[in-house]
Amino acid sequence: MSALPAGFEENFRAETRELLLRRLRLGLKVGVVLYLMFWGLDVLVARDHWLSFLVVRAAVATCTALALWVSHSAWGVRKVLPISVGIMFIGTLGMSVMTALWSGFANQYYVGNMLAIFLVGLYFPWGAATTAIYGGLTIATYLGLNTVVHGFDPIGAAAPFFFLGGTAILTVWAAAAQQRNRRDSLRMRMQLEVANTELKSLDEAKTGFFANVSHELRTPLML
């Protein structure tokens, strides 16, 4: 692989921050609506817990609105990465709390965490390391909360653990590939920009050379 252009890492970080900020603001707007809409499912399948689930969803929605507001501040722009990870973790924490309030490992609400790990890891340009941290925290919190409330059931926890773990592994792999593609794209764009600048300089030098030659030839002819 050819050497990276000068200033590549700084440009990559700036481009990543801008992309993450733009996607975070859009994702929070869409996500808070979907998170609250799923309360309809709570009413249908968890009738004894719909009120407590509504409280959890409202709390997550409030945190989401706060994160969206903070993202428009100068501090929020600088800290967009930890803000994005934190608010997405709060969303999956809410799902884990709902499973613990309900029937623990026996219910299927862990699928919400699967979707969050998969979609968030691909949508946000976090890279492999941050995506792995997010996935690990989500899985550990889900297992920990349900173990504390309902006790550890290795058979009941097996399916959620393997599905959540498998989703996290695939998402980390996809995030790493996505980051490589973005780095390659930026490198080629910067190299093309350097080549265009050099070509422009060469063209200006050629124009200047022919102008000088023409001047040197025209002067003695006129004399």
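Visitor: Are Phe 105 and Tyr 142 buried or exposed?

Guide: Both are buried in this predicted model. The word "buried" is used here for a relative accessible area under 20%.

Visitor: And what makes Phe 105 and Tyr 142 an edge-to-face pair?

Guide: Look at two values: the ring centres are 5.8 Å apart, and the planes make an angle of 75°.

Visitor: Why is it said to link distant parts of the chain?

Guide: Phe 105 sits in the loop between helix H5 (80-101) and H6, while Tyr 142 belongs to helix H7, and 37 residues separate the two.

Visitor: Staying with H7, how do you know that H6 is roughly antiparallel to H7?

Guide: Helix H6 (residues 110-123) and helix H7 (residues 128-150) pack at about 175°, with 10 Å between their axes. An angle over 145 degrees counts as roughly antiparallel, and therefore H6 gets that label against H7.

Visitor: Which residues of H6 and H7 meet there?

Guide: From H6 come Tyr 110, Asn 113, Ala 116, Ile 117, Val 120 and Gly 121. On the H7 side you'll find Thr 131, Tyr 134, Gly 135, Thr 138, Ile 139 and Tyr 142. Sorted by class, the contact has seven nonpolar residues, five polar ones and no charged ones. Tyr 134 also turns up in an aromatic cluster, along with Tyr 123, Phe 124 and Trp 126.

Visitor: What makes you say that Arg 23 lies over the face of Tyr 123?

Guide: Arg 23 is 5.6 Å from the ring centre. The distance limit is 6 Å, and the direction must also be within 35 degrees of the ring normal. Arg 183 is placed over a ring too: it lies over the face of Phe 12, at 5.1 Å from the ring centre.

Visitor: Why is Thr 16 called buried?

Guide: Its relative accessibility is 15%, which is under 20%, so Thr 16 counts as buried. You'll find Thr 16 in helix H1 (residues 8-37). Setting aside neighbours within four places in sequence, Thr 16 touches Pro 125 and Arg 182.

Visitor: Then why does Gln 191 count as partly exposed?

Guide: Gln 191 has 27% relative accessibility, which falls between 20% and 50%, so "partly exposed" is the label. Gln 191 is in helix H8 (residues 154-222).

How values were computed:
Residues numbered from 1 in each chain as written. Predicted model: local features only at pLDDT ≥ 70, side-chain atom pairs only at ≥ 80, totals over all residues. Heavy atoms only, no water. Axes fitted to C-alpha atoms, helices over the stretch in contact; angles between N-to-C directions. Helix = DSSP H or I, 4+ residues; strand = E, 2+ residues; numbered from the N terminus. Parallel < 35°, antiparallel > 145°, perpendicular 65-115°, else oblique. Contact = heavy atoms within 4.5 Å. Nonpolar A, V, L, I, M, F, W, Y, C, P; charged D, E, K, R; others polar. Buried < 20%, exposed > 50% of the residue type's maximum accessible area, 1.4 Å probe, protein only. Phe/Tyr/Trp six-rings, centres within 6.5 Å; stacked < 30°, edge-to-face > 60°.
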